Amino acid sequence: AGKGKGPERKALALDRTKGSEILFGLAPCRLALARARRALFRLFLKEQRGGPGQPLRAELALQAAARGVPVLHVPKRALDALCRGRPHQGACLEAGPLPFRSLRDAEEPRQGHAESGRRQLLWLALEHIQDPMNLGALLRAAYFLGVDRVVSTHSNSCPLTPVVSKASAGAMEVFDVYSTDDLQGFLKAKSAEGWEVVGTVSRPEDVEGVPVISCSEFQWDKPLIVVLGSEGEGLSLHTQLQCQQLLAIPPGRALHPAIDSLNVSVAAGILLHSICSQKRRHGD
């Protein structure tokens with residue numbers, strides 16, 4: 001019995017590089033290797049040939065070799081253990097963590113001013129998003145719909161974990177995510193620079209003088225920051241008061257009181273699409 005389990009036990013007992021984490025899934029591994037924004041240590045692939053995803057796993061092995069990253073072919077059980085049973089699709093990548101970028105680096109580069117004037121800028125700000133699945137879905141939607149920058153609060157928020165990368169279908173690996181410890185100060189500064197700051201609410205009720213309108217009524221005519229709040233609480237009052245307007249998504253029926261709002265990533269997709277469709281109509 002011991003003979004058959006030897007290679008498996010060896011694979012499971014491999015020492016991890018200190019401070020590393022395990023990316024899992026074909027898209028996160030592929031994009032992390034392609035962009036090489038992280039330290040890359042080892043690629044683990046399912047040892048059986050054939051089956052779903054085999055051509056992509058073979059491509060991953062070539063990518064890793066081109067980066068000088070060792071490739072280890074291990075049993076499925078070893079991959080399950082590496083990513084704690086999450087859906088790895090036969091691929092795990094041992095890599096350094098991907099931190100938030102400093103907000104000081106988020107400004108448009110000076111050489112980009114001509115381009116900035118040519119098109120509308122759109123940033124997404126996230127206040128205390130804690131669920132990694134929601135954060136991943138938000139990043140995927142923001143990347144797909146053309147958001148230029150994502151800024152997250154640093155404290156009381158989900159970090160950029162492998163679960164977030166998988167939920168984003170790898171978008172986290174190609175999309176810079178910035179953080180701030182002073183969201184209200186950041187929004188106040190951008191407003192002073194001429195940006196419009198709009199928040200989001202689930203109920204169409206004005207907040208201490210900040211008007212609430214339907215997202216379909218919003219007119220996008222200047223650089224814009226859309227601010228989304230946490231899953232349970234929504235935007236804090238202090239952040240709402242930094243907004244010039246608050247956007248609501250009108251429901252399609254009379255709602256049961258227990259189901260009176262949308263998942264934050266679904267709401268983001270609807271709001272961002274509503275805003276970004278104006279850019280397409282205007283022919284940017």
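Me: In this predicted model, buried means under 20% relative accessible area, exposed means over 50%, and partly exposed lies in between. Why is Tyr143 called partly exposed?

Reply: Tyr143 has a relative accessibility of 46%.

Me: What makes Phe175 buried or exposed?

Reply: The relative accessibility of Phe175 is 8%. The cut-off for buried is under 20%, so Phe175 counts as buried.

Me: Why is the pair of Tyr143 and Phe175 called edge-to-face?

Reply: The ring centres of Tyr143 and Phe175 are 5.7 Å apart, and the planes stand at 70°. Pairing needs centres within 6.5 Å, and planes over 60 degrees apart count as edge-to-face. The pair is therefore edge-to-face. Tyr143 belongs to helix 6, whereas Phe175 sits in the loop between helix 8 (171-174) and strand 8, so the pair ties together parts 32 residues apart in sequence.

Me: How many aromatic pairs does a search of the whole structure find?

Reply: The search finds three. One of them joins Trp123 and Phe186.

Me: What makes the pair of Trp123 and Phe186 stacked?

Reply: The distance is 6.1 Å centre to centre, with 10° between the planes. The limits are centres within 6.5 Å for a pair and planes under 30 degrees apart for stacking, so this pair is stacked. Trp123 is in strand 6 and Phe186 is in helix 9, so parts 63 residues apart in sequence are tied together by the pair. Trp123 and Phe186 also form one aromatic cluster with Trp195.

Me: How do you know whether Trp123 and Phe186 are buried or exposed?

Reply: Trp123 has a relative accessible area of 1%, and Phe186 has 8%. Buried means under 20%, so Trp123 is buried, and so is Phe186.

Me: Which strands stand at the edges of the sheet, and why is one side of each left without a neighbour?

Reply: The open sheet has eight strands in the order 5-8-7-6-11-9-12-10, paired in parallel. Strand 5 (101-102) and strand 10 (212-214) stand at the edges; each has a single partner strand, so one side of each has no neighbour in the sheet.

Me: How do you know that strand 6 and strand 11 pair?

Reply: Pairing requires at least two bridges. Strand 6 (residues 122-126) and strand 11 (residues 224-228) have five, in the parallel sense. Within this pairing, Leu224 in strand 11 is the bridge partner of Leu122.

Me: Which helix lies across strand 6 at about 175°?

Reply: Helix 6 (residues 132-145) does, and helix 6 also lies across strand 7 (149-153), strand 8 (177-180) and strand 11.

Note on methods: Residues numbered from 1 in each chain as written. Predicted model: local features only at pLDDT ≥ 70, side-chain atom pairs only at ≥ 80, totals over all residues. Heavy atoms only, no water. Helix = DSSP H or I, 4+ residues; strand = E, 2+ residues; numbered from the N terminus. Contact = heavy atoms within 4.5 Å. Axes fitted to C-alpha atoms, helices over the stretch in contact; angles between N-to-C directions. Phe/Tyr/Trp six-rings, centres within 6.5 Å; stacked < 30°, edge-to-face > 60°. Buried < 20%, exposed > 50% of the residue type's maximum accessible area, 1.4 Å probe, protein only.
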